[in-house]
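Q: Can you walk me through this one? I'd like to start with the sheet and then go to the helices.

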Amino acid sequence: MSLAERQAIAREWAALDDAELTTLRDSGLSMTEADLMIENVIGRFSLPFAIATNFRINGRDYLAPMVVEEASVVAACSNAAKLFRQGGGFSASADEPIMIGQLQVLDLADMDAAVDAIRSCESEILERANAACGSIVARGGGAIDLQARPLRETPIGDMLILHLHVDVRDAMGANAINTAVELIAPLIESICGGRINLRILSNLSDRRMARASGTIPKRALETKDATGTKVIQWILEAAAFAEADPYRAATHNKGIMNGIDALALATGNDWRAIEAGAHAYAAQSGRYRSLTQWTLDEDGDLRGEIELPLALGIVGGATRTHRGAQTALKLLGVQSARELAQVAAAVGLAQNLAAIRALATDGIQKGHMRMHARQLALAAGANNVNARAVAAQMIEEGNIRLRRAEAIVREQRQKS
Ligand code: MEV
């Protein structure tokens with residue numbers, strides 16, 4: 001489809017108005033808005049906003065917005081979602097949106113007595129925390145409990161780590177959590193007699209897990225050279241490699257995050273927080289592992305599962321202030337942060353399938369080189385219209401280089 005055709009479909013799908021369509025075209029952030037968003041602004045920086053297609057999650061169709069600079073990610077994701085679709089689509093779920101805020105309590109004379117004292121005042125502490133969570137409490141969330149985690153014999157001696165759990169509803173929740181832990185710190189000091197140093201959220205948001213799973217029928221994986229069963233065997237070998245070897249697991253998980261980050265970025269979410277949580281979770285057993293599991297089901301079809309912490313919001317921060325993010329959320333049509341996390345988990349699983357299937361069959365360079373050729377053509381001065389022709393010629397010649405692209409562009413100019 002042409003760019004205009006794609007835009008028309010997106011427009012109809014989500015009933016986008018003229019302003020939202022303009023937002024997609026002009027990147028959704030004015031200079032004034034950018035200047036208000038961060039410090040020392042001197043301009044704006046655009047990335048492509050694309051749509052991953054074919055997602056069917058819990059019986060509902062989604063168009064998944066993705067903002068990413070890497071070629072092939074969106075096509076691969078859409079392709080893999082189509083394979084899952086042939087098995088009925090994804091099943092996905094997400095926990096209640098519970099974030100963790102940490103307080104580091106030091107200089108305690110008696111750790112056990114401090115823990116007891118804090119426990120006996122828990123409801124007073126939670127009440128104080130809720131004073132900082134105004135709109136979240138109004139929406140049915142708020143501080144729900146407090147956990148004590150004594151850490152003994154650290155390099156600076158014993159410390160008591162307190163975890164404040166807050167249900168942040170549809171927010172990512174960083175602001176609410178950070179305000180709440182700062183607010184309760186003096187009260188906790190007065191209760192236990194210690195000194196509080198850090199007060200900050202944890203990005204290992206393992207109370208806020210999301211999961212997705214799905215099945216790909218073996219016939220959908222057949223290639224012209226291999227049966228579906230053979231391809232499944234190669235995919236399972238790839239998955240076992242990632243499970244056994246952290247060097248491979250890092251790349252395997254990077255591929256998963258290609259999709260999840262792109263969705264997080266499109267929806268105005270903090271993708272570094274998502275990255276931090278995903279990788280910390282992948283290492284939680286003491287060894288860095290794969291975030292996905294691939295198995296053979298009883299019919300000989302391929303089954304994939306993913307589970308990871310996903311602290312994504314649909315209100316607050318850039319999700320509200322960036323018009324592009326607002327348009328992305330409208331395209332998705334999600335009603336809650338939990339629903340967004342379910343979509344993100346499915347996108348991550350699809351992205352992983354796309355990568356390991358390509359790696360276990362043709363390799364990824366074939367597809368990549370096609371996109372790379374187009375980018376070289378653009379860099380060599382081809383316009384949007386003839387970039388594809390320049391790329392096609394380089395691929396046919398098996399000579400995909402900037403110099404060759406420049407020469408073809410020169411030849412074209414001389415002819416016209
Ligand atoms: C490239 O961005 C991502 C891959 O390396 C992921 C993988 O190896 O699984 C293709």
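This is a predicted model: local features need pLDDT of at least 70, side-chain atom pairs count only at pLDDT 80 or more; totals for chains, interfaces and linings use all residues.

A: Residues are numbered from 1 along each chain as its sequence is written, and side-chain values use heavy atoms, with hydrogens and water left out.

Q: OK, in what order do the four strands of the sheet come?
A: The order is 3-8-10-9, in an open sheet with antiparallel pairing. Strands are DSSP runs (E, at least two residues), as are helices (H or I, at least four), numbered from the N terminus. Two strands pair if DSSP finds at least two bridges between them.

Q: Which strands stand at the edges?
A: Strand 3 (91-94) and strand 9 (292-296) do; each has a single partner strand, so one side of each lacks a neighbour in the sheet.

Q: How many bridges join strand 9 and strand 10?
A: Five, with strand 10 covering residues 302-309. Trp294 has Gly304 in strand 10 as its bridge partner.

Q: Switching to helices: at what angle do helix 11 and helix 15 pack?
A: Helix 11 (residues 246-266) and helix 15 (residues 337-360) pack at about 135°, with axes 8 Å apart. Axes are lines fitted to C-alpha atoms, for helices over the stretch in contact (heavy atoms within 4.5 Å), and angles run from 0 to 180 degrees between N-to-C directions.

Q: Which residues meet there?
A: Among them are His252, Gly255 and Ile256 in helix 11, and Val343, Ala344 and Val347 in helix 15.
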